[in-house]
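Biologist: I would like to learn how to read a structure like this one. Can you take me through it feature by feature?

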Amino acid sequence: MSLPPDYSNEISALNREILKQQPADTLQFCANFFLRRLESQRAEFLLSQQHSSPKGRGIAESSFPGSNPFGTSPSGGFASSQMHRLEEEEENDTIASPTASSFPPNAMDSSHNSPASQGTFGNFAGFGGSSKGNRSQPPSALGNLEPQSFPNNYNMNRRTSVSAESLNPASSANDNWTPPYHQKSDDQQSRLKAAVSGNFLFSHLDDDQSAQVLGALQEKPIPTKGIKVIQQGDVGDYFYVVENGSFDIYVNSSGKLEAGPDGLGNKVGTVGPGGSFGELALMYNAPRAATVVSTEQSTLWALDRVTFRRILMDSAFQRRRMYEGFLEEVPLLSSLTPYERSKIADALETKKFPSGTTIIREGDVGESFYILESGEAEVYKRGVDKAVKSYQKGDYFGELALLNDAPRAASIISTTEVKVATLGKNGFQRLLGPVEGIMRRNDPSKSAHSDGDNVDPLAK
Amino acid sequence: MAAAVHKLLHPHSHGRNSSKSEPEQHSSSPHERQDSAMDRAREDEKRSLAQWEEHKRPLSPDKVASDPERKMVGHSSRVLRQDDFELVKTLGTGTFARVWLVRLSDAREADQDKVFALKILRKVDVIRLKQVEHVRNERNVLAAVAGHPFITTMVASFQNHDSLYMLLDYCPGGEVFSYLRRARRFNEPTSQFYAAEIVLILEFLHEKEGVAYRDLKPENILIDAEGHLKLVDFGFAKKVENRETYTLCGTPEYLAPEVIRNTGHGTAVDWWAFGILVYEFLVGQPPFWDQNPMKIYEQIVEGRVRFPTAMSADARDLISGLCTVDTSKRLGNIQGGAGTVKSHAWFKDIDWDALYNRRVNGPIVPHLRGPADTRNFDEYEPESDSREPYSKDMAEKWDEYFKDF
């Protein structure tokens, strides 16, 4: 007979704690551990009773401590402060009691207390509509004496789906769309670059995308003070970077700008040169979380969602199609289905090398396969003075590494700056299984050796 | 027989296009003879709807995937109208749709208990919210998947001048969401059971239909009278097959990193969301959360999931595998597909075949007074009266896109 899973879970949780804490008095430690577990489950049970609506009673009533499907499992047995414990697990060396009241006041919010200072994209962090629900209030105010409040202020309501405009790359190929370009001075360009560098939506962009996005930002002069650039509750289509001037940010707890002298709500921050606001509009059309008003004559740079997302989409789309096209030319992979080819194209990783880099070295054990995406490279073999071959865009090398561990048969050295798309044997096998199997699909008699020579000049 | 029924139900499918060129016909009464043929077809269709439930049983995945025209359900009806149904109660609302519990109007005594969920979409709202493409995808995917044991069955779809209708089977247990919030979290066996049924759904959608669902969350999963799951709301479902797609859609906490970064996404987004779902089952809230949605997205693209101390090692391993930012390493998307998820240690107690055939009892069997009991659904605000009309101009421009509905 095997041990009940609940028991095993409890014991492994205890084991983890013991390993972490290395207690001197093991017995006392274990006793305390289980006492805390029990305490937290009980607290949770009492909570769930208070939470349950009349029609839900049937479930909540029997949920402690017996065999009901809910809430009694050790895996589920964190107290109401379980999110706090999530944080602690990695950031705090002391075991805190899982019960809410003894939770140390600062463990969860330290990273979210950044003031709504200018220049950060976090400006709107607390704009949830009501400052009461704001996560960055002092955690002690969570009180935990009010059992009704869910830890971490997690919103317990139904969540609404979001959706942006339908983006279809197929149609963009026909209408020859190019992103708008607005001239900027070098100074402006570098200021803009710095302004968006902290935002994760921009930090993933490659150089081309980044240049296109910065080029698409359009100057928007704000002639005077008192102009509401965005209004809380309105639809949002633009993201703004402040070039010069200054803006105040207001949040009305009703969730939208209202008429009358107090309609703006409370001032929650100021944003100045290098700052930015409205970034959620780059994702989808959500109501603005705040009203932003100019306090003097100012200049903004604006970028709309469709332009932004389309720049990203078009470059991703083109890159994938280019990779798929390259992959089609690789005889070793000729039997891939279009589906498999698109998976490999998705997994290819772009790398850049300066001129003169040895990308693969003769005699080394091969691990990765490369496609030359831009630039040029030459092939050298030991004992031969001159390059035996040169590679251009679309050429590929090292693909036999996907098949076996044979040493590289030549060296490849870049002669210009190059961009390669690469994938390792492990990555390939993880996605599609061993290459041998894929090759055998078309023709069982076909083996790696029979077409090895035309497949890869590097293989011997 | 189904083919015969189908023929009977679509006697006017040719005449429909011609009526489009003369929109005035809507108000003027058509031919008398046509009318009586129409009435007979309607009566036949209503009778077959009333009996539909008795015939339903899980179809094998391959049967479900077969041509929807040959199935009893999922067709586009040319004869049904809103008057054929009595609206009983709102079951749910969305930004441009409302789902009603409905009963067949003028039903015979024996059919009084025969109820359905009727999803009504206003064309004008669908257009305003730029959801035309999504709504078409929804109907087509639902028609294609009708008959799967854990997916809501679209019995029929139809339309009138200003609305689109999807007639769905009624799932009286309500949303998994409500049970989860009430219980705060599910224990491991309960989570495993529900997760396993979701795996079967995703396996079918991805590998048989080439469909990405794109909005997995507890709100979209219902519990049926026997305690099994039904996936509903296919508003973002799309047949992607081997092409990536780019439109951002989903629910903030459940969006996959590649959707946020707009690098193109496919069925792998469902495996990410599935990891979030399992986490929410076990913990009571999703792993990435902040008051400010941009902060949620920042956490998602970073992809560092934190686990509570007491979560079992197998559950952590499964969730980590699913919530992997790199799609070429994400469980479910790598070689073996859903099979790799099914053979994960966390699912070792699941008998997959028995589960598909509903031979395993669900952990929660809803208490019901009858098939039309709505106690498991929340109350919703009544529909607002003010409604933008679907103008002639709009109809001219857009009806084209709804013609197959």
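Modeller: Start with the packing. This is a predicted model. Its largest nonpolar core has 130 residues. A:Phe202, B:Leu205, B:Phe274, B:Tyr297 and B:Phe347 touch the most other members.

Biologist: Which helix gives the most to this core?

Modeller: Helix α10 of chain B, residues 268–283. It supplies 12 residues.

Biologist: What does B:Phe347 touch, beyond residues up to four places away in sequence?

Modeller: The list is B:Gln192, B:Ala195, B:Ala196, B:Val199, B:Phe274, B:Leu318, B:Val341, B:Lys342 and B:Trp352. There is also a second, separate core, of 25 residues. Among its members are A:Val330, A:Leu332, A:Leu423 and A:Val435.

Biologist: Now strands. How do side chains sit in a regular strand?

Modeller: They alternate between the two faces of the sheet. Take strand β13 of chain A, residues 377–380. A:Ala377 and A:Val379 point to one face and are buried.

Biologist: Which strands pair with β13(A)?

Modeller: β14(A), residues 389–391, pairs with β13(A) in the antiparallel sense over 3 bridges. There, A:Val379 stands opposite A:Lys389. β16(A) also pairs with β13(A) in the antiparallel sense, over 4 bridges. In that pairing A:Glu378 stands opposite A:Ile413.

Biologist: In what order do the strands of the open sheet in chain A run?

Modeller: The order is β2-β9-β4-β7, 4 strands with antiparallel pairing. β2 (218–222) and β7 (276–277) of chain A are the edge strands, and each pairs on one side only. β2(A) pairs with β9(A), residues 298–304, over 5 bridges. A:Ile222 stands opposite A:Ser298 in β9(A).

Biologist: Which helix lies across β4 and β9 of chain A?

Modeller: Helix α6 of chain A, residues 186–197. It runs at about 125° to β4(A).

Biologist: What about record annotations? Where does UniProt place the feature "binding site"?

Modeller: At A:Glu399 and A:Arg408, in an unreviewed entry. A:Glu399 lies in the loop between β15 (396–397) and β16 (411–414) of chain A. A:Arg408 is found in the loop between β15 and β16 of chain A.

Biologist: Are they buried or exposed?

Modeller: Apply the cut-off: buried means under 20% relative accessible area. A:Glu399 has 0% relative accessibility, so it counts as buried. A:Arg408 is at 9%, so it is buried too.

Biologist: Last, a helix in chain B. How many residues of α7(B) are buried?

Modeller: 8 of its 8 residues, 176–183, are buried. They include B:Phe177, B:Tyr179, B:Arg181 and B:Arg182. Just after α7(B), B:Arg184 takes a positive phi of about 75°.

Key:
Residues are numbered from 1 along each chain as its sequence is written. Chains are lettered from A and ligands numbered from 1 in the order in which they are written. This is a predicted model: local features need pLDDT of at least 70, side-chain atom pairs count only at pLDDT 80 or more; totals for chains, interfaces and linings use all residues. Side-chain values use heavy atoms; hydrogens and water are left out. A nonpolar core is a set of buried Ala, Val, Leu, Ile, Met, Phe, Trp, Tyr and Cys residues joined through side-chain atoms within 4.5 Å. Buried means under 20% relative accessible area, exposed over 50%, partly exposed in between (1.4 Å probe, protein chains only). Helices (H or I, at least four residues) and strands (E, at least two) are DSSP runs, numbered from the N terminus. Contact means heavy atoms within 4.5 Å. UniProt positions are given in the numbering used here, feature names are shortened, and annotations may be inferred rather than shown by experiment. Two strands pair if DSSP finds at least two bridges between them. Axes are lines fitted to C-alpha atoms, for helices over the stretch in contact, and angles run from 0 to 180 degrees between N-to-C directions.
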